[in-house]
Amino acid sequence: LDKERIHEYHTAGTFYEIDSEGTKFTKVVKDHYTVVLGNDHVYVKGNVNLTIDDNCNTYIKGDWNIQVDGKKTEVVTGAVSETYKDTKTETVTGTVSETYESSQTTNITGNLNLDASINVDIDAARIDLN
């Protein structure tokens, strides 16, 4: 029974295998395409690790809703560029701490309105207000 498995193999090296414990391993040596013409639902009870050796492009034609019940951590070793073509709203219910180890430039083409009840503390070697 320990030797039980299902194994389908192509001579190019693409294969899938299901072992005696129900673990499935799939290897595709060239391109892989999946097309779903209806809804697609994925549930993973354990962890998910995704490693991509090249670029990743995501195009969502509708809304993108993300909910994280734990912490969210992002580490980016290259430059970051964000463009919002509509209103951006941020709500933070706790303290905000930002550290810039170089300079910060903020350009506002409209008006800047600071509510008198808001405490803003800015520390820098030099602050230019034009």
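K88 and E90 meet through their side chains in a salt bridge, with 3.6 Å from N to O. The model you are looking at is predicted, and a search of the whole structure finds 5 salt bridges. Here is a friendly tour of some of them, along with the sheet and a nonpolar surface patch.

**Salt bridges**
- In the K88 pair, K88 is partly exposed at a relative accessible area of 44%, while E90 counts as exposed at 63%.
- R5 forms a salt bridge with E17, and their closest N and O atoms are 2.8 Å apart.
- This pair links distant parts of the chain, since R5 sits in the segment before β1 and E17 in strand β2, 12 residues apart.
- E17 has a relative accessible area of 22%, so it is partly exposed.
- K30 and D31 also form a salt bridge, with the closest N and O atoms 3.8 Å apart; K30 is exposed, at 67% relative accessibility.

**The sheet**
- An open sheet is built from 3 strands in the order β1-β2-β3, with antiparallel pairing.
- β1 (6-9) and β3 (24-27) stand at the edges with a single partner strand each, so one side of each has no neighbour in the sheet.
- From one strand to the next, the twist averages 5°.
- β2 (residues 15-18) pairs with β3 over 4 bridges, and E17 stands opposite F25 in β3.

**A nonpolar patch on the surface**
- I108, L112, L114, I118, V120, I122, I127 and L129 form this patch, with about 860 Å² of accessible area together.
- I122 lies in the segment after β3 and is exposed, with a relative accessible area of 56%.

Definitions and conventions
Residues numbered from 1 in each chain as written. Predicted model: local features only at pLDDT ≥ 70, side-chain atom pairs only at ≥ 80, totals over all residues. Heavy atoms only, no water. Pairing = 2+ DSSP bridges. Helix = DSSP H or I, 4+ residues; strand = E, 2+ residues; numbered from the N terminus. Axes fitted to C-alpha atoms, helices over the stretch in contact; angles between N-to-C directions. Patch = residues over 30% accessible without salt bridge, like charges linked within 9 Å, V, L, I, M, F, W, Y side chains within 5 Å. Areas by Shrake-Rupley, 256 points an atom, 1.4 Å probe, with all protein chains shown as cover. Salt bridge = Lys/Arg side-chain N within 4 Å of Asp/Glu carboxyl O. Buried < 20%, exposed > 50% of the residue type's maximum accessible area, 1.4 Å probe, protein only.
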